[in-house]
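Here is a short briefing for a first look. Start with the sequence and the structure, then read the points below.

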Amino acid sequence: MSARKSPNADRREARRQARVAQEQKQLQNARRRRLITMISGVVAVAVIAVVILVIVNNLGKDDGSLENLPAAESIYGGVQSQGLTLGDPNAPVTVTEYADYQCPYCANFALKTEPKLIDDFVKTGKIKYVFRPMPILSPLPLDSDGNESVQAAEASMCANDQGKFWEFHHLLYTKQNGENVGIFSNANLINYAAEEGLDVTSFTSCLNTGKYQKAVLDSRAQGVKDGVSGTPSFDINGTVVTYTTQGYDKLKQQIQAAIDGESIPK
Amino acid sequence: MSSTRLALASLGLTVLGIAVAVYMVYIHYQESALICGVGDCAKVQTSTYAEVAGIPIAWFGLIMYLALLGLWIGKRAIPAMTDLATVGTFGITLAGTLYVAYLTYLEIWVIEAICQWCVTFAIITTLLFLLSALQLWRLFIATSVPDEPS
């Protein structure tokens with residue numbers, strides 16, 4: 001027969017259990033408070049860290065702004081030109097650029113880098129520089145109305161009829177603002193022609209009759225044949241290279257190699 | 001979802017995140033063409049927004065996922081780290097989710113181009129945040145001690 005606990009022992013045991021439960025509850029409460037403090041802390045730190053990252057990410061950002069860049073006159077003024085070719089026709093090296101007027105990289109290149117290239121290589125007589133339209137960015141068929149890549153290229157050739165190819169080429173890139181959004185609709189192109197001081201009647205007739213549609217499509221076909229896979233690309237004395245993240249430094253090196261008669265690094 | 005499944009899902013997503021981040025760091029340093037292909041411009045990777053103070057964003061992603069892996073291991077190796085690791089994971093994934101939300105905004109409305117690896121990264125990060133929030137909630141509930149009936 002087991003000995004029965006005294007009522008005092010039962011009460012002591014009950015008090016002990018209550019004390020333990022109380023301590024556990026205090027510990028849990030303390031842990032909970034600690035958790036709440038930690039959560040508040042990490043949420044604050046996370047939000048502050050993201051705000052700092054966003055601010056730093058926007059600091060001194062080149063937003064692709066194409067304002068305050070050299071004007072067409074300062075780039076092409078005084079440079080020998082014949083149609084879509086700039087520079088000495090007898091220069092030992094020919095650099096042909098394939099580009100689409102809707103392509104943002106082409107605009108970036110034309111407005112920011114091309115002036116340097118002209119200063120370094122065209123004005124010095126080392127190369128002649130040829131522009132070839134390579135319309136690739138419109139989802140519409142090449143021969144359809146509304147293909148803005150083709151229309152812009154045709155318009156540049158219509159401007160060439162009035163001896164203003166390079167000025168209009170420059171103007172088109174400054175107008176670029178999104179792809180296939182109507183920036184290069186025929187109506188807008190005619191407005192740009194007026195802005196450039198071209199004879200609007202003959203320009204409009206040239207554009208609306210599709211005078212240079214075949215020339216533009218032939219230029220594109222030639223690019224495809226030469227292995228051009230994107231714009232801007234450059235054919236340097238027969239070797240096609242694409243523009244890379246190494247930018248003008250790489251292109252300069254490639255052109256210099258052609259001038260020096262060396263193989264052109266890809 | 002059981003705790004084990006939740007932990008395994010978090011580990012799987014973390015490892016996947018590390019793999020995607022490693023790949024994004026790798027392609028950032030490749031000499032890529034700065035061109036538009038037919039109907040497409042590879043704008044995102046070469047965007048000026050792809051770097052913060054000269055450091056490729058992909059590095060931030062990789063460091064974040066390595067920290068998450070460290071916390072995942074630490075939580076299991078050192079039981080005393082449970083609270084810290086759970087809250088830390090929640091904080092890191094919260095920051096990650098807020099930042100990828102900002103980057104997605106940039107892709108859609110500023111750069112106007114979507115990069116599929118960035119989207120993959122954003123989805124993994126958001127899922128990890130949701131899992132870490134669930135784990136934190138469970139931990140919080142576990143610390144609740146019901147009042148004894150009077």
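## A buried glutamine and its surroundings

Gln102(A) counts as buried because its relative accessibility is 1%; buried means under 20% relative accessible area, exposed over 50%, and partly exposed in between, with a 1.4 Å probe and protein chains only. The model is predicted, so local features need pLDDT of at least 70 and side-chain atom pairs count only at pLDDT 80 or more, while totals for chains, interfaces and linings use all residues. Residues are numbered from 1 along each chain as its sequence is written, chains are lettered from A and ligands numbered from 1 in the order in which they are written, and side-chain values use heavy atoms, leaving out hydrogens and water.

**Around Gln102(A)**

- Gln102(A) sits in the loop between strand 3 (93-99) and helix 3 (104-122) of chain A. Helices (H or I, at least four residues) and strands (E, at least two) are DSSP runs, numbered from the N terminus.
- Leaving aside residues up to four places away in sequence, Gln102(A) touches Leu137(A), Ser138(A), Glu148(A), Ser149(A), Gln176(A), Gly178(A), Glu179(A), Asn180(A) and Phe184(A). Contact means heavy atoms within 4.5 Å.

**Asn108(A)**

- Helix 3 of chain A holds Asn108(A).
- Asn108(A) counts as partly exposed, because its relative accessibility is 30%.
- Asn108(A) and Tyr173(A) are 65 residues apart in sequence. Their C-alpha atoms are 8.3 Å apart in space.

**Chain A as a whole**

- Chain A has nine helices and six strands.
- Of its 266 residues, 41% count as buried.
- Take the contacts in chain A between residues at least 6 apart in sequence: 73% of them join residues at least 24 apart.
- Chain A exposes about 13,400 Å², and carbon and sulfur atoms supply 51% of that. Accessible areas come from the Shrake-Rupley method with a 1.4 Å probe; for residues, only the protein chains shown count as cover.

**A nonpolar patch on chain B**

- Tyr105(B), Ile108(B), Trp109(B), Val110(B), Ile114(B), Val119(B), Ile123(B), Leu127(B) and Leu130(B) make a nonpolar surface patch of about 850 Å². Nonpolar side chains (Val, Leu, Ile, Met, Phe, Trp, Tyr) are joined within 5 Å, like charges within 9 Å.
- Helix 3 (82-110) and helix 4 (116-142) of chain B are the elements that give two or more residues to the nonpolar patch.
- Ile108(B) is in helix 3 of chain B. Ile108(B) counts as partly exposed, because its relative accessibility is 39%.

How values were computed: Patches are made of residues with over 30% relative accessible area and no salt bridge: like charges are joined within 9 Å, nonpolar side chains (Val, Leu, Ile, Met, Phe, Trp, Tyr) within 5 Å. A salt bridge is a side-chain nitrogen of Lys or Arg within 4 Å of a carboxyl oxygen of Asp or Glu.
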